[in-house]
Amino acid sequence: MKKVSKSIALILLLCSLSNMLVFATQEKIHKVQEGIEDLKKQKKEAENEVNSYSNQAGNLAGDLEEFNNSLVAITTELNETEEQLDNTRNNLKTTRKALKKAKKKEKKQYEAMKKRIQFIYEMDTDSMLEVLLGAESFADFLNKSEYFISIHNYDREMLEDYRATKDEIIEKEEELEKEENLLAELQNQQESKKQELAELVDHTSEKLSAAKRQLAEAQADVKAYEAEIKRQIAYEAELEAQKAAEDAKRLEEIKRQEAENTVKAVPSNSSSDISILAAIIECEAGGESYEGKLAVGSVVLNRVRSSHFPSTIAGVIYQSGQFSPVASGRFATVLARGANQSCIKAAKEVLGGNITLNSLYFRRNNGTISGTVIGNHVFY
């Protein structure tokens with residue numbers, strides 16, 4: 001009898017140690033899963049930055065293209081301005097020549113006018129009468145009279161011509177000043193446009209370069225997160241395989257013991273048991289078929305019946321290191337709002353005695369664990 005008791009105690013000790021190993025591995029899996037979720041969030045933020053910098057770079061590239069188009073337009077304007085400058089310079093040359101010629105003409109006219117005035121001054125009215133009265137005949141008198149009249153008319157014409165020359169000089173000087181001002185204005189406009197364009201292109205190019213650098217850094221972050229997520233997923237797969245091996249070993253120990261399905265009574269289908277069981281079914285198999293929902297519920301009930309697990313549905317579900325949704329907080333959220341009708345129906349049916357399989361464990365099916373495959377899970 002003592003020998004049997006020692007054997008049972010040894011078995012229980014081994015089971016206890018096995019449970020500790022299983023819980024430790026499951027805790028690692030939970031931590032890895034949480035780390036993966038955190039990495040996915042960081043990757044999403046990095047992707048958002050990539051999109052932001054990509055849009056910014058695209059906008060800047062569009063702006064730069066627009067500025068380059070403006071450069072073509074401004075270059076055309078500059079060419080037109082240069083043509084205007086050339087025309088203005090030519091006009092200035094022409095105007096200066098005309099002004100020089102007009103001033104030269106004015107000087108000659110002025111000298112001629114001085115001589116005419118001196119001649120008129122020296123030839124007073126008496127002298128002119130003496131010349132007229134000294135005419136030999138009436139015809140000679142008329143000729144001399146016409147001579148004096150023609151001289152007078154010529155003097156008037158010369159005076160008018162001199163005045164016109166003076167007016168022309170004034171006009172040319174005003175025109176010259178106007179064209180010189182226009183030339184200076186065109187030159188200023190040309191320099192201003194050149195400077196504006198250069199600053200615009202430089203500023204946009206700098207911003208585009210900065211955006212491209214930030215984009216490259218964000219893309220590098222995304223790749224780094226992707227690599228780390230891939231590594232963590234591989235590590236999670238290793239832990240899953242380790243957990244499955246630990247579960248299989250524990251199953252062998254359980255099978256070596258007495259048939260225990262009749263040791264405990266099946267829990268009642270109280271509203272709290274239904275709510276709790278339905279919530280874990282939704283968390284673990286919400287996207288699975290109805291058969292998959294029944295299978296998850298059956299695993300929970302099988303554990304309740306087993307002496308190696310807590311004797312209540314709540315105890316099984318809240319047992320440390322067993323169900324990931326409990327550790328992540330998702331189970332509490334679903335329980336607070338209530339599970340969907342399909343999961344509630346499956347919970348009631350399982351509590352009513354429809355245990356669809358005898359498995360105590362289930363995991364995501366990755367092809368390495370042998371058991372009953374239902375949807376995305378393997379039950380063993």
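1. Start with Glu77, which sits in helix H1 (residues 2-122). Helices here are DSSP runs of H or I with at least four residues, strands are runs of E with at least two, and both are numbered from the N terminus. Glu77 is partly exposed, because its relative accessible area is 33%; buried means under 20%, exposed means over 50%, and partly exposed is in between, using a 1.4 Å probe and protein chains only. Now look across to Gln190: 113 residues separate Glu77 and Gln190 in sequence, yet their C-alpha atoms are 8.8 Å apart in space.

2. A word on what you're looking at: this is a predicted model, where local features need pLDDT of at least 70, side-chain atom pairs count only at pLDDT 80 or more, and totals for chains, interfaces and linings use all residues. Residues are numbered from 1 along each chain as its sequence is written, and side-chain values use heavy atoms, with hydrogens and water left out.

3. How confident is the predictor? The score is pLDDT, the predictor's confidence in each residue, from 0 to 100. The chain has a mean pLDDT of 79, with 81% of its residues at 70 or more. Residues 1-18 have pLDDT below 50, and beyond near neighbours in sequence this stretch makes 9 contacts in the model; a contact means heavy atoms within 4.5 Å. Residues 258-263 also stay under 50, and the model gives them 6 contacts beyond four places in sequence.

4. On to the overall layout. You can find 9 helices and 3 strands in the chain, and from the N terminus on they run α-α-α-α-α-α-α-α-α-β-β-β. Of the 380 residues, 33% are buried. Among contacts with a separation of 6 or more, 78% join residues 24 or more positions apart. The chain exposes about 23500 Å², and 53% of that comes from carbon and sulfur atoms; the areas come from the Shrake-Rupley method with a 1.4 Å probe, and for residues only the protein chains shown count as cover.

5. Which residues have the most contacts inside the largest nonpolar core? They are Leu277, Ile280, Ile281, Val300, Ile313 and Phe379, in a core of 40 residues. (A nonpolar core is a set of buried Ala, Val, Leu, Ile, Met, Phe, Trp, Tyr and Cys residues joined through side-chain atoms within 4.5 Å.) Elements giving two or more residues to this core include helix H3 (138-256), helix H4 (271-285), helix H5 (290-305) and strand E3 (377-379). H4 provides the largest share, 9 residues.

6. Next, the aromatic rings. There are 5 aromatic pairs in the structure. Rings of Phe, Tyr and Trp (its six-membered ring) pair if their centres lie within 6.5 Å; planes under 30 degrees apart count as stacked, over 60 as edge-to-face, and the rest as tilted. Why is the pair of Tyr318 and Phe331 called edge-to-face? The planes of Tyr318 and Phe331 meet at 85°, with the ring centres 5.6 Å apart, so the pair is edge-to-face. This pair links distant parts of the chain, with Tyr318 in helix H6 (residues 313-318) and Phe331 in helix H8 (residues 330-337), 13 residues apart. Tyr318 is partly exposed at 46% relative accessibility, whereas Phe331 is buried at 1%.

7. Phe323 and Phe362 make a tilted pair, 6.4 Å centre to centre with 45° between the planes. Here too distant parts of the chain are linked: Phe323 is in the loop between H6 and helix H7 (324-328), Phe362 is in strand E1 (residues 362-364), and they are 39 residues apart. Phe323 is buried at 4% relative accessible area, and Phe362 is buried at 11%. Phe309, Tyr361 and Tyr380 form one aromatic cluster.

8. Lys345 lies over the face of Tyr290, 5.4 Å from the ring centre. The rule is that NZ of Lys or CZ of Arg must be within 6 Å of the ring centre and within 35 degrees of the ring normal.

9. Last stop, Arg364 in strand E1. Not counting residues up to four places away in sequence, Arg364 touches Gln33, Glu236, Glu240, Asn376, His377 and Val378.
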